Amino acid sequence: MLGIGLYAAMVVGSAIIHYYLWVRLVRDTTRPGTRGRALGTAAVVVSAVLAPATRISIPYLGPTDGRWIAWPGYVLIGVLLYLLTGLAVAEVPRALLARRIRAEERAAAVSVPAPVSVPEPVPAVAPEPVAAGAATTSVDLRTGERGETAGTTGANGPAGVPAAPPAGAGDGAGTPAPRLVGRRLFLGRTVGAIVGATALGTTGYGVSVALGDPRIKRVPIVLPKLDPRASGLRIAVISDLHLGTMLGRSHTERVVRMINGLEADVVAIVGDLADGTSRQLGSAITPFRSLESRHGTYFATGNHEYFYDDVEGWVGELRDLGVRPLLNERLTLTHNGAAVDLAGVEDVTGEEHGRGPDFGRALGGRDEADPLVLLAHQPVLAEEASRNGVDLQLSGHTHGGQMFPLTAVAALSNPVLSGLGRVGDTQVYVTNGTGFFGPPVRVGTAPDISVIELRSPVA
């Protein structure tokens with residue numbers, strides 16, 4: 001289970017990420033007070049709650065009850081990753097275009113002079129308004145006689161007083177109507193539409209890859225110590241099934257069917273069977289009973305076997321199915337009369353539970369003239385494997401990064417991310433795994449079943 005501190009970090013991180021998404025996808029694309037802004041804001045709030053709630057709640061809900069939140073929540077997390085990636089890529093060109101728009105708006109404002117108003121002369125005594133056609137009384141100042149004059153008001157108002165010009169009158173140049181969509185709003189909507197469509201398309205593609213059949217990878221590896229008689233020994237390697245809320249027994253059946261079609265000499269399962277306990281998910285690995293190979297099926301623990309504190313439960317399930325766990329153990333395989341040592345060490349996460357890898361116990365007392373193949377879930381054990389004379393280490397754990405651009409992050413923490421590499425004198429092969437963790441999305445790293453074919457340098 002995860003700790004309170006990590007839960008708090010998830011919530012705070014989600015809030016920060018979603019505020020940025022709100023700015024770029026809601027504020028920059030809608031006008032204040034509109035229904036679009038209200039709906040967009042509500043959607044961002046729901047997403048900000050659902051994303052961390054998915055990761056936090058599933059370990060407590062379990063594989064069955066957690067399905068209702070796992071699918072929408074983890075798919076959402078996949079979409080969020082590619083929204084953030086797309087917006088980050090678009091940030092510089094968007095900023096440059098926004099700056100250009102502001103500069104052009106300032107230049108346009110300076111080039112249009114402000115209108116100059118000239119005040120009209122005001123009469124000393126303004127006559128009172130007279131109704132149209134009414135007579136007016138006047139006094140002759142020289143004689144003192146009074147007289148009446150017919151009213152002469154008309155379109156111009158009372159006689160001698162010009163009427164105010166009608167609204168809109170002037171030189172005929174009226175103020176242009178405002179545009180329906182301003183240039184800045186258009187920019188925000190364009191960026192949002194492109195990034196949104198790309199994120200949804202990439203996530204959809206990644207889901208189809210993650211849920212599709214694993215690819216078969218055939219990898220020839222030369223071992224200098226390998227007896228020519230053992231040349232051609234084939235090891236089918238699988239890892240990281242991550243059975244649980246989104247992958248179950250049907251996925252295991254598919255993997256077993258594909259392995260049996262390879263006619264492997266050895267089957268190696270290098271950790272992370274499931275995200276749950278053996279009581280919850282033991283039935284999901286039952287198809288392993290049907291695995292076919294010449295020299296048997298072997299298992300080394302991964303970090304997820306320790307997360308639910310049920311290593312012994314999973315070990316018992318596997319033994320009942322005819323799979324042999326190698327818990328800091330070694331055995332010698334005889335292939336066509338030639339010896340090949342096969343060993344397995346527990347995952348480094350086991351150290352938190354009083355277990356962990358023990359190379360001395362696993363490799364002590366062996367004939368160093370024979371080639372040694374080690375099952376170790378995490379590639380980080382390769383340095384210690386090299387110090388202990390391991391010829392080939394078979395690992396998983398990385399998922400190949402699972403989702404680009406997370407591949408770059410995973411590469412920083414593993415000596416080999418995917419495929420064949422070398423650490424010291426030890427060759428290290430890392431499978432991408434046959435499942436996924438978290439989002440059911442794989443971009444750039446398809447799931448695989450790897451077939452390692454050992455070769456002698458003189459064969």
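Which helices do the buried residues of H2 pack against?

## Helix H2 and its neighbours

In this predicted model, the buried residues of helix H2 pack against helix H1 (4–27), helix H3 (67–111) and helix H6 (278–281), where contact means heavy atoms within 4.5 Å and buried means under 20% relative accessible area with a 1.4 Å probe, protein chains only. Among these buried residues are Arg37, Val44, Ile58 and Pro59. Helices (H or I, at least four residues) and strands (E, at least two) are DSSP runs, numbered from the N terminus.

H2 bends by about 80 degrees at Pro59, the bend being the angle between axes fitted to the seven residues ending there and the seven starting there. Helix H2 (residues 35–65) spans only 36 Å between its end C-alpha atoms, while a straight helix of 31 residues would span 45 Å, taking 1.5 Å times one less than the number of residues.

## The open sheet

Six strands form an open, mixed sheet in the order E3-E14-E4-E5-E6-E7, two strands being paired if DSSP finds at least two bridges between them. Strand E3 (215–222) and strand E7 (323–325) stand at the edges with a single partner strand each, so one side of each lacks a neighbour in the sheet.

## Strand E14

Strand E14 (residues 448–455) runs parallel to E3, joined by eight bridges, and Val219 has Ile452 of E14 as its bridge partner. With strand E4 (residues 234–238), E14 pairs in the antiparallel sense over four bridges, and Val237 stands opposite Ser450 in E14. Six of the eight residues of E14 are buried.

## Basis of the model

Residues are numbered from 1 along each chain as its sequence is written, and side-chain values use heavy atoms, leaving out hydrogens and water. Because this is a predicted model, local features need pLDDT of at least 70 and side-chain atom pairs count only at pLDDT 80 or more, whereas totals for chains, interfaces and linings use all residues.

How values were computed: Buried < 20%, exposed > 50% of the residue type's maximum accessible area, 1.4 Å probe, protein only.
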